[in-house]
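Work through the exercises below with the model open. Each task is followed by its solution.

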Amino acid sequence: MSFVSIEYLVFLPAVFVLYWALAGRVRWQNVLLLAASYLFYAWGDWRVLLLLLASSLVTWGFGLAIDTTVARRARRLLCATGVALHVATLVTFKYFSFFADVCGFSAVGLSFYTFQAIAYLVDVTRGKSRGPRRVVDFLLFMAYFPKIVSGPIERADTLLPQLLSPRRFDYAGAVDGCRQALWGLFKTFIVAGYCSPVVDSAWGNIDGMSALSLVVACVLFSFEIYCNFSGYIDIALGTSRLLGIELSPNFRNPYFSRSVPEFWRRWHITLMLWFRDYLYIPLGGSRCRKWRVVLNVTVVFMVVALWHGADATFLLYGLYHAAICSFYVVSGVRAKYSSEVAAGRVLPSLREACLMLVTFSLVTFGRILFRAETLADAGHYVSAIATRPLTAGGIVGLKELALCMAFIAVEWLQRGKAHALQIDECRLFASRPVRWALYVALTLIVILAQQAPQEFIYSQF
Amino acid sequence: MKRFVTYFAMFAAMVVALLLAAEAVVRHHPNSYKYKDAWMTRNAERVSTLVLGGSHSYYGVDASLLGDSAFNLANVSQHPEYDYFVLRRYGDRCPRLRRVIVVVDAVNIFDPPIEQLDGDRARATAYRLYMDCDKHSRCSRYGMELFNLREFNRKLLPSLRHLLRGDAQADCDTLGRFNRHDSSRAVSVAELERTALKAAERHRCTDYRHVAYNCAWLDSIGDYCRRRGIDIVVLTPPAYSTYRKHIPQRQRDTMRAVAAKFARSYHAHRVDLFDADSTFTAECYLDADHLNREGASRLSNLLVSKAGQ
């Protein structure tokens, strides 16, 4: 089931009412959420559930075995076996389409819940987490519907305690959850939805576009993928807050980063933290010689690339970012910032603005590799930007670019907040009727101004 | 909790009220379905000829040239199933009905039911709402314009604009032929070539399963006409040469076989103009498979001369 389907409009209120009718009875609330999550996940094809169920039960079993084993070596062996099983499943289904073809389905969300399972096994082995006693609670931890398809990738020590403790209805949290979901829908349907056709037409007719049109399409793709993915995450987080469960934020204004490493700390945060904790730090992290740090960074980005897919374009995309981040390591150019950009000011300083522009340009250029189907396509696109007349035949996508600029201005003004609709403190929206008028207007815009049904780009990973 | 549910219900009620207002605006806007229903309700008693079919006859047959009591009941993507529906609904009210022009072309007998076509699904809603077609219930997804969101969004702003200006008009002329502002223009050969490839690609049949389904509806039309002693003219409208060339041979052969069999079974006049390049030159086309006003005049005059007035 998709967050943006008619079915979900019926599903969510039904789950919400039943869930809070069971308030105070955690066990039954979890049973209900588990049933709802399985229904949500198996809506299109029930067979995907078998893989999720098998993966969850294997993880649960290994977790219990690790938990009850005292010998350190045995714990590690159990953990390694469990992790190997998960990696094998992921590789089999994700990278050998043959198996997916034989089974007749592609397992949506497989890489998200596999990473969650691996993190759980490692955390239990390290003694950082303990598995829940009831299998239902663990199955829910794996399958919880707001995050099953595209994340965020949750850790046992943040999600499990919430699933095991009583939940009280929080009015402010629920209202803010609705606003966050509404902002997510706006980002997905309006910003990403309007950018998408321009990007598709540019990629479908590279030779017929002017150089500036291709550059604009490139910028629009950056906004499309950000709004599509972060929009989805906002809907997931908002939905979950309606149920009194906080999921981890996955984005923190990535396009306001002053360096590429900072961008990666703000983009798909839960995935990058996963790689930091379970790959980068075990490899030695940054506390070793520079060449070794460069190697670690390269390994991490190659695995990030492989996580997206085993295509040459993704591998080059990983190498591209590894090279940029390695440059920061080798040159000693500042990559980490302890304070927010333009903290306490409305506008950034000239230096900050330049750094943000350079970072955005580097990231956007890399997106060509992300969007291209083959390396030849990417090369063709880049050479067309360099060789095509600058404006011949006009520039496409200017209206969409203006929409993106307006969107990013709103995000800039609201940059310290969890989402742009946290407007209670804003004087303009102090009165309730004005706030409501804005919410109603945004809802109508989302319904009536949407272009085409939106696919969530990251659900394919 | 109670406060949240109350506020949420109020918010949802506001949104729903505004959406219903938008639905009313779109429904208020004139369209060819509404116009044809109203015209037939008023004038059915004097109608002697009805034109059925999809956009090829909707654009291409000028009922004013067929005699003084003809009306064009064709509409975009109106396949035999809905041809039969409009014939039954309006034909029953036409005591003087003598002739029905049925179209068999490279599209209408190959397409699946419009409910299965993404771009045409909203037309089933139009038949439900404006012609009272009972194929779908009022409570189904075809019971409101709003339920076909993409089409609804496309219609909303023009409907609102026309409502405010007070200049709204249906897309057809008084006798039901497509009559938008650009319906008389002639296009360049280059544009015809371009649209020919696109249209042929769109109309190329890869799945012949729906032919039997559409033929069954053609037979229903034939049986209805036979029962009432109504003459049938089976028309295959002209199409631009490049378009024809890119329609597969099997599809063209099937189209001709179906038309011939139907004409034989119901003793109908067969008017096949699919290859009539000498009569329908480039200046007769609005695009590769639709005639403009000039083309419609020629086709209508040919129909009269070949099948009698």
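**Exercise 1.** Compare the radius of gyration of chain A with the value for a compact globule.

*Solution.* Chain A has 461 residues, for which a compact globule would have a radius of gyration near 23 Å; the chain has 23 Å, so the two agree. The radius is taken over C-alpha atoms, and the globule rule is 2.2 Å times the number of residues to the power 0.38. Along the principal axes, the C-alpha trace of chain A spans about 65 × 60 × 50 Å.

This is a predicted model, in which local features need pLDDT of at least 70 and side-chain atom pairs count only at pLDDT 80 or more, while totals for chains, interfaces and linings use all residues. Residues are numbered from 1 along each chain as its sequence is written, and chains are lettered from A and ligands numbered from 1 in the order in which they are written.

**Exercise 2.** Determine the strand order of the open sheet in chain B.

*Solution.* The five strands run β2-β1-β3-β4-β5 with parallel pairing; a pair needs at least two DSSP bridges. The edges are β2 (70–72) and β5 (269–272) of chain B, each pairing on one side only. Inspect next β3 (residues 99–103) and β4 (residues 231–236) of chain B, which are joined by five bridges. Here Val102(B) stands opposite Val234(B).

**Exercise 3.** How many residues does each chain give to the contact?

*Solution.* Chain B gives 12 residues and chain A gives 15, where contact requires C-beta atoms, placed from the backbone, within 7 Å. On the side of chain B that touches chain A, the largest share, eight residues, comes from α1(B).

Conventions. Two residues are in contact if their C-beta atoms, placed from the backbone, lie within 7 Å. Helices (H or I, at least four residues) and strands (E, at least two) are DSSP runs, numbered from the N terminus.
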